[in-house]
Amino acid sequence: MSDIWVIAENLPWAATLIAGAASIKNDAKITAFVNGDEAAAGGAIAAGAAEAFYLPLPANAVWEGYAPALSEKARAEKPDLILLSASRRCRDVAAQLAATLDAPCFSEGKNITVSGDGVTVDTLLYGGLAIKNSVTSASTVLVTMGAKDFDPLPVDASRDGPVSALRLADNAIAVTGRKPRAAQTVDLAGALKVVGVGRGVSEEGDLGLARELAQAIGAEVGCTRPIAEFFKWMPEECYIGISGQQIKPQLYLALGVSGQAQHYFGIRDARTIVSINKDKESLMNANADYYIVADWKEAAQALLKAVKK
Amino acid sequence: MKKIAVCYKWVLNDADIRINENTRALDMEKCKPQVNEYDRNGLETGVKLKEASGGAELVGITCGLNTESSTKDALSRGPDAVYYLDDAILESSDSATTSKVLAGMIRSLGDVDVVICSEGSSDQYAQQVGPRIAALLQYPSVSYVSAVSLDGDTLTLDRKLEDGAETVTVKAPVVISVSPDVCEAPIPSVKQILSAKKKPAAALTLAGIGLSADAVKPLAAINSVKAPQTSRKAINLSEGGASLDEAVGKLVKQLSTDGLL
């Protein structure tokens with residue numbers, strides 16, 4: 001193992017992956033590919049890469065259009081390991097690269113180790129219910145990784161290394177418009193307390209009770225995927241789960257949440273989980289610290305009364 | 001537009017997984033197989049695209065162990081026909097193998113203009129199969145699609161990414177991977193379930209699509225699958241017939257003690 005590539009959606013994520021690469025193999029030659037401009041590539045050098053390429057977001061094409069150029073380069077240079085940010089664009093690129101290289105790709109891998117047997121990686125199954133430990137002796141191995149899996153190395157602006165642009169091949173997909181994400185109105189990731197609402201909330205009007213309770217205990221309100229994406233009762237940024245927000249509050253209070261694995265993934269780092277669900281056997285009750293078997297509305301009203309005393 | 005193919009995975013329902021407290025192994029005995037929930041939105045996207053195409057054939061495609069038993073369920077969700085590849089060798093296949101087999105099936109069907117995959121599967125959620133199939137077939141890949149419209153052989157697609165939304169246009173052939181919010185997936189009606197029995201389901205084989213057993217060998221070996229230790233106490237405050245007010249009282253006391261109220 002001597003060559004590690006890092007492909008990232010942005011410079012901070014690249015810096016994290018560079019630190020990860022260095023911790024997996026401290027004498028590896030690290031080459032970085034970063035979404036951004038020349039300065040971003042320079043930043044990757046300062047963060048510990050030996051060489052860096054910048055891949056600016058094209059105005060009229062998708063960023064994934066760099067996949068063929070990356071494949072071609074990977075086939076020629078045969079890196080041992082490619083670490084990619086687990087962002088949507090990079091996940092797509094990771095899968096395309098892996099297919100053209102006939103290589104394994106581990107999604108959101110953790111605890112990567114390299115030994116004589118090859119590369120060993122942990123991945124999650126069933127939204128975090130189980131951990132799969134795999135080993136591969138493939139000549140190139142791809143792993144997508146979270147944004148905070150490693151602390152970046154100290155920035156050393158005096159480091160020097162070649163910086164260049166990666167060329168973008170002609171692409172069949174034309175981008176006709178982009179809309180920046182609306183500013184976030186809630187900070188679930190940083191909230192100390194979160195009230196979560198699930199499909200047990202059968203009417204949009206009932207959200208008022210959940211909000212009132214949240215306000216009384218000083219909590220933000222989040223929800224499960226269907227509440228945001230199917231019913232659109234709450235903005236998407238409020239949805240907690242494997243492809244939404246992952247939160248670490250001191251208290252998570254689940255109201256009428258069934259507790260499917262993909263939702264639990266987003267709350268598993270909560271210090272205390274309380275569930276109110278009329279189905280005693282619900283997964284959310286089983287995965288809570290404390291639960292009350294009751295209609296969530298009745299319980300929320302009783303709780304509100306008790307807290308206000 | 002001749003054919004639209006929707007890939008679906010026949011997965012075990014994870015709601016019924018039990019964990020052996022001693023070994024931390026997963027007990028899947030009570031889990032029944034079902035069409036992966038994410039893929040139900042993919043199948044419904046196929047139905048809508050077929051309507052917009054004015055005459056394309058809509059086929060469902062799957063591979064894996066016991067996939068023969070998936071065909072009635074899948075057919076009740078809209079496809080005109082289902083092609084399945086049921087082989088024990090694919091029992092624990094990863095994204096690499098699954099996409100090689102699905103790409104092989106699509107190639108052998110021929111004339112597939114649009115391949116629809118969903119965002120991921122409820123078991124592995126690796127989110128790789130769509131873009132992998134695209135790379136293998138040398139079709140463009142458009143992932144995280146939240147809206148689809150069709151005009152002739154040109155698709156207009158909305159994508160949702162971390163930094164915002166992107167609208168793209170692409171000419172068929174193409175592989176699209178749709179997010180669950182692309183459309184609602186209705187529960188099949190009795191009529192649809194009955195008519196599914198009359199629709200064709202055809203078996204394909206690895207040899208038939210030109211893949212050797214060697215070509216579908218997993219690229220990684222599984223050392224272990226275990227549930228991590230959890231520290232959740234799961235204390236039932238309603239235990240012993242406690243009234244709602246009693247249970248809420250216990251909760252308030254506990255949370256106050258823990259400094260959470």
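Q: Hi! At what angle do helix α3 and α4 of chain A pack, and how far apart are their axes?
A: Hello! This is a predicted model, and in it helix α3 (residues 67-77) of chain A packs against α4(A) at an angle of about 40°. Their axes are 9 Å apart.

Q: Parallel or oblique, then?
A: Oblique: angles under 35 degrees count as roughly parallel, and α3(A) and α4(A), at about 40°, are therefore oblique to each other.

Q: And which hand does the crossing of α3(A) and α4(A) have, left or right?
A: The crossing is right-handed.

Q: Which residues make that contact?
A: From α3(A) there are A:Ala67, A:Leu70, A:Ser71, A:Ala74 and A:Arg75. On the α4(A) side you'll find A:Val93, A:Gln96, A:Leu97, A:Thr100 and A:Leu101. By class, the residues of this contact divide into 6 nonpolar, 3 polar and 1 charged.

Q: Nice. Now α1(A) and α2(A): what's the angle there?
A: About 25°, between helix α1 (residues 11-24) and helix α2 (residues 38-46) of chain A, with the axes 9 Å apart. That angle makes α1(A) roughly parallel to α2(A). The way α1(A) passes α2(A) is a right-handed crossing.

Q: Which residues of α1(A) and α2(A) meet?
A: A:Leu11, A:Ala14 and A:Ile18 of α1(A) meet A:Ala40, A:Gly43 and A:Ala44 of α2(A). The residues of this contact are 5 nonpolar and 1 polar, with no charged ones.

Q: Let's move to strands. Why is β4(A) described as largely enclosed by the rest of the structure?
A: Because 5 of the 5 residues of strand β4 (residues 81-85) of chain A are buried. A:Leu81, A:Leu83 and A:Ser85 point one way from β4(A), while A:Ile82 and A:Leu84 point the other way, and all of them are buried.

Q: Which strand pairs with β4(A) over 4 bridges, and in what sense?
A: That's strand β1 (residues 3-8) of chain A, in the parallel sense. As an example, A:Ile7 has A:Leu84 of β4(A) as its bridge partner.

Q: And how many bridges does β4(A) have with β9(A)?
A: There are 5, and β4(A) pairs with strand β9 (residues 141-145) of chain A in the parallel sense. There, A:Ile82 has A:Leu142 of β9(A) as its bridge partner.

Q: OK, over to the two chains. How many residues does each chain put into the contact?
A: Chain A gives 66 residues and chain B gives 65. On the chain A side, the elements that each supply at least two residues are α4 (88-101), β8 (130-136), β11 (174-180), β15 (272-276), α8 (283-286), β16 (290-292) and α9 (296-308).

Q: Which of them supplies the largest share?
A: α4(A), with 9 residues.

Q: Which strand of chain B pairs with β8(A), and in what sense?
A: Strand β14 (residues 221-226) of chain B, in the antiparallel sense and over 5 bridges. Within that pairing, A:Lys132 has B:Val225 of β14(B) as its bridge partner.

Q: Staying in chain B, where is the cis peptide bond at B:Pro173?
A: The cis bond joins B:Ala172 and B:Pro173, with omega about 5°. B:Pro173 is in the loop between β11 (164-171) and β12 (174-178) of chain B.

Q: And which residues have a positive phi without being glycine?
A: B:Gln127 is one of them, with phi about 60°, and B:Tyr144 is another, with phi about 50°. B:Gln127 lies in the loop between β8 (112-118) and α4 (129-137) of chain B, whereas B:Tyr144 is in strand β9 of chain B.

Q: Are those two buried or exposed?
A: B:Gln127 counts as buried because it has 28 C-beta neighbours inside 10 Å. B:Tyr144 is buried too, with 25 other C-beta atoms within 10 Å.

Q: Last one: what is B:Leu150 in contact with, leaving aside its neighbours within four places in sequence?
A: B:Leu49, B:Ala52, B:Ser53 and B:Leu155. B:Leu150 is found in strand β9 (residues 141-151) of chain B, and B:Leu150 is buried, with 21 other C-beta atoms within 10 Å.

Terms used. Residues numbered from 1 in each chain as written. Chains lettered and ligands numbered in written order. Predicted model: local features only at pLDDT ≥ 70, side-chain atom pairs only at ≥ 80, totals over all residues. Contact = placed C-beta atoms within 7 Å. Pairing = 2+ DSSP bridges. Buried ≥ 20, exposed ≤ 12 C-beta atoms within 10 Å, placed from the backbone. Axes fitted to C-alpha atoms, helices over the stretch in contact; angles between N-to-C directions. Parallel < 35°, antiparallel > 145°, perpendicular 65-115°, else oblique. Left-handed = near helix turned anticlockwise from the far one by under 90°. Nonpolar A, V, L, I, M, F, W, Y, C, P; charged D, E, K, R; others polar.
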